[in-house]
Structures are given as structure tokens and as C-alpha cells.
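Please open the structure in your viewer and keep the selection tool at hand.

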Amino acid sequence: MQRATAKPASLGARRVGEIGIAGEQQLMECGVGQQVSIQRKRPPTSTVPTSMAKPGRNDPCHCGSGNKYKKCCLARDEAAERDSLVKAQARRDQPAVAHQHERAAAHRLQVRELKAEVAARLRVAEEEDAYEDELDAASNAVVQLVGAAKLDEAEAAARDLLIRFPDVHDGWDRLGMVHEARGDSRQAADCYRKVIDFISQHPDDYDAGMVEQFAKLVERLDPPVAT
């Protein structure tokens, strides 16, 4: 009995199988290659520049015009950047500016108050000067009338001086001069005594020697009676 031997696979069958395997390998290799190729050739997801990736001056402009960045949107982007920096600095400076405004307002208020105080003092000084001028004129008028021997007019002017200027001694002093010119020594002495009383009540406004001066007048016009 003749043993049957296994026949080798036919050339056609083997080649078909090899071709099938080879085809699968080629497809797999082709797919991997395509995937690698796709991964390598995949374009950037976005061409719009960010703050981390600003295009160079000679790079294509991010707006897609195809022009160089320096010939297209560079000036506009730089202007926007400057504007943003200015606004940010303004926000940072706002508290300091507000404080400066407050200090300036306080300074202006102090200046206005100082000007008002100076103006008030000037008004007071002017009023005092006017008062002194009027007092001097009225007091000197009595002296002139006494010198002109117009004693009645001088007495009226002296009494008017007492009414208009009660806060000075001039009225009693001038009235004493009128009585002294008439020869009425006792009444003159009484007027000078009132001058001494007035000066004693206002010691800060007069020199100490004035009391002694009028005291001598009183002693001369109305000497004490010898006992």
C-alpha cells in the first residue's frame, strides 16, 4: 500500500496567501505612514498671534491678508498695546491722583482762609486808622479853638469829643484845657483827675509817666489846703 504524501501547497495558493499577508502589512505600513505624515504636516490650529507669540515684523500678518506684518497690522497693534498700557497706568495712578486732588483742594481752602483772615485784618487796620485820624482831627480842633480864644466853641467841641470817643482820655484832657484857659483852675483840675482815673483803669494803653504828668497839673491848679 503506497503511503500518501502531503502535497506542497500549490504555487497559486501560496502566493495568494503571501500576497494577502503582504497586502495587510503594506496597508498597515501605509496607514502608519499616512498617520505619521498627517501628524507631521498638520498645520497650526490658529494663526492669530497671542501675547505669548507676537509675529515678527517680516512674518505674514495674522489677519490673513498675506502681507508682511510690518506693512499691515503692526502699527495698529502697537497703538492698541500703548493704549492698554496707558489705561493700566491710569488705573494704578488713580488713588495717587485722587490724593493729590484732595491735598490741592485742602491747600486751596487754606489759602482762601488765609486771604480772608488777611483781608479782615486789613479792614480792622483801616478802620483803626480811620478812627485814629478822626480822633486826632477832633482833638486837635479843640486845641486850635483854645489857641484862637474861641472858648465856647472849644468847650462844645471838647464835650462832643467825650461823646464820640468815650474810650480815650482826650475829651477830659481837652475840656480841662478849656477850663484852664478860662481861669477856672478847680474845674480844670477835676477834668485832669478824671484823666488820671481813666489811665489807671487802662494801664496797658498808657505810659506810666502820664499819671505823674497829670498829677502835677492837678497839684498846680488845685493844691491841697495846708493845715
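Select helix α4 and colour its buried residues, which are Asp 170, Gly 171, Asp 173, Arg 174, Leu 175, Gly 176, Val 178 and His 179. Buried means under 20% relative accessible area, exposed over 50%, and partly exposed in between (1.4 Å probe, protein chains only). The model is predicted: local features need pLDDT of at least 70, side-chain atom pairs count only at pLDDT 80 or more, and totals for chains, interfaces and linings use all residues. Residues are numbered from 1 along each chain as its sequence is written, and side-chain values use heavy atoms, with hydrogens and water left out.

Helix α4 covers residues 170–182. Its 13 residues should span 18 Å at 1.5 Å a residue, and the end C-alpha atoms, 19 Å apart, agree with this. The expected span is 1.5 Å times one less than the number of residues. Just after α4, select Gly 183, which takes a positive phi of about 90°.

Next, zoom out to the whole chain, which has 6 helices and 0 strands. Helices (H or I, at least four residues) and strands (E, at least two) are DSSP runs, numbered from the N terminus. Of the 227 residues in the chain, 19% are buried.

Now select Glu 132 in helix α2 (residues 74–147). Glu 132 counts as partly exposed because its relative accessibility is 40%.

Finally, move to Lys 71, in the loop between α1 (11–41) and α2. With a relative accessible area of 67%, Lys 71 is exposed.
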